[in-house]
Amino acid sequence: MNPAAVAAFARLGELELYYETQGTGPPLVLIHGSLMTADLLNDYPARLAARRRVITVELQGHGHTRDIGRPLRYELLADDIATLLDHLGLARADLVGYSLGAGVALQVAMRHPGRVRCLAAMSVTYRSDGLHPEMTAAADPGTVLEQLSNSIYHRAYLDVAPDPGLWPELVRKVLDLDAHPQDWPAAQVAAIAAPVMLIVADNDIVRLEHAVEMFHLLGGGVAGDIHGLPAARLAVVPGTTHVGLCDRAEWVVPMLAEFLGEASG
């Protein structure tokens, strides 16, 4: 558990969603990536909690949250986040998501637009071809399990999971999600009403061209000196990989703080 964080479970129908809360101020829901626990977000929760009430969740089947009998799908996980806001009595909140969590946050903004004040998405796609081609190749679950054995993701899961023996099932469900075609309508992305900040590593698994394409859909990439700055922002973190973004809180959080602060103005 992150320092100074208070842990709890939210009963959301069949799902008991684990979350940690720290800090005070406007609510911010922080959503991890595939196979991660809250702790693997490293310094992000604590740094964001300097100005916000940060609610760091662990999605279905991840970390402390038990799996239930349904596949992992962005839309279902997004509905879980909206239901969590109901459980916490929050009309809306800021959302910050990484990788899988960024896609979930994007779906919350599309499916439950009134619940999102502003959104920051780190390493997100809205189509499968937004990833580099080698990332979309079919993966053998046995090979992936072998590659992940004793990895930081595997060890973190074993440390906190209510049933550590379900690790292979989590990996299988994540691979099934990755194999499921992602083709969200561009018009739905463009219609997101909340201010959006896209963050991508310069050597991410997400193609830079795709990030720029999303930025344009959200109204960015204009001649700002003439037309003014749009609500959307794009940050490219230099000298960084997809996984490495988790170690860049010292760089990224000040940009997030400015974005979130200006969005409230």
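Author: Contact here means heavy atoms within 4.5 Å. The model is a predicted one.

Reader: Which residues does Gly 103 touch, not counting residues up to four places away in sequence?

Author: Gly 103 has its place in helix H3. Once residues up to four places away in sequence are set aside, the ones that Gly 103 touches are Tyr 74, Val 124 and Trp 184.

Reader: Is Gly 103 buried or exposed?

Author: A residue is buried when its relative accessible area is under 20%. Gly 103 has 2% relative accessibility, so it counts as buried.

Reader: How many Å apart in space are Gly 103 and Pro 27, C-alpha to C-alpha?

Author: Along the sequence, Gly 103 and Pro 27 are 76 residues apart. In space, the C-alpha to C-alpha distance between Gly 103 and Pro 27 is 19 Å.

Reader: How many of the twelve residues of H3 are buried?

Author: The buried residues of H3 include Leu 100, Val 104, Gln 107 and Met 110. Gly 103 is also on that list. H3 is mostly covered, and of its twelve residues the number buried is eleven.

Reader: How far does H3 reach from its first C-alpha to its last?

Author: H3 has twelve residues. At 1.5 Å a residue, a span of 16 Å is expected. The reach of H3 is close to that, at 16 Å.

Reader: Is Ser 99 buried or exposed?

Author: Ser 99 is found in the loop between strand S5 (93-98) and H3. Its phi is positive, near 60°, in a residue other than glycine. The relative accessible area of Ser 99 is 19%, and the cut-off for burial is under 20%, so Ser 99 is buried.

Reader: What is the phi of Leu 35?

Author: Leu 35 sits in the loop between strand S3 (27-31) and helix H1 (44-48). With 11% relative accessibility, Leu 35 counts as buried. Although Leu 35 is not a glycine, its phi is positive, at about 70°.

Reader: Which helices do the buried residues of H6 pack against?

Author: Helix H6 covers residues 167-179 and reaches 18 Å from its first C-alpha to its last, close to the 18 Å expected. Its buried residues are Trp 167, Leu 170, Val 171, Lys 173, Val 174, Leu 175 and Leu 177. An α-helix has 3.6 residues a turn, so residues three or four places apart point the same way. The buried residues of H6 pack against helices H2, H3, H4 and H5.

Reader: Which element gives the largest share of the lining of the largest pocket?

Author: The largest pocket has a volume of about 1,100 Å³. H3, H4 and H6 are the elements that give two or more residues to its lining. The largest share is six residues, and it comes from H6.

Reader: Which residues of the lining lie nearest the centre of the largest pocket?

Author: The lining of the largest pocket is made of 38 residues. By class, 24 of them are nonpolar, twelve polar and two charged. Nearest the centre lie Ser 34, Met 135, Val 174, Asp 178 and Ile 205.

Reader: How much space lies in the largest cavity?

Author: Rolling a probe the size of a water molecule over the atoms shows where empty space is left. A search of the whole structure finds one cavity of 30 Å³ or more. The space in the largest cavity is about 40 Å³.

Reader: Which element gives the most to the lining of the largest cavity?

Author: Ser 123, Val 124, Leu 198, Ile 199, Val 200, Ala 211 and Met 214 line the largest cavity. By class, the lining has six nonpolar, one polar and no charged residues. Strand S7 (196-203) and helix H8 (208-217) each supply at least two residues. The most, three residues, is given by S7.

Reader: How many disulfides does a search of the whole structure find?

Author: Cys 118 is buried, at a relative accessible area of 0%. Cys 246 counts as buried too, at 9% relative accessibility. A disulfide needs a pair of cysteine sulfur atoms within 2.5 Å. The number found in the whole structure is zero.

Reader: How far apart in space are Glu 20 and Ala 257, C-alpha to C-alpha?

Author: Glu 20 lies in strand S2. At 1% relative accessibility, Glu 20 counts as buried. Glu 20 and Ala 257 are 237 residues apart in sequence, and in space their C-alpha to C-alpha distance is 20 Å.

Methods: Residues numbered from 1 in each chain as written. Predicted model: local features only at pLDDT ≥ 70, side-chain atom pairs only at ≥ 80, totals over all residues. Heavy atoms only, no water. Helix = DSSP H or I, 4+ residues; strand = E, 2+ residues; numbered from the N terminus. Expected span 1.5 Å × (residues − 1). Buried < 20%, exposed > 50% of the residue type's maximum accessible area, 1.4 Å probe, protein only. 1 Å grid on protein atoms, 1.4 Å probe; cavity = no way out; pocket = protein on both sides within 12 Å on 5 of 7 lines; lining within 4 Å. Points joined across faces, edges and corners; volume = space filled by probe spheres on them. Nonpolar A, V, L, I, M, F, W, Y, C, P; charged D, E, K, R; others polar.
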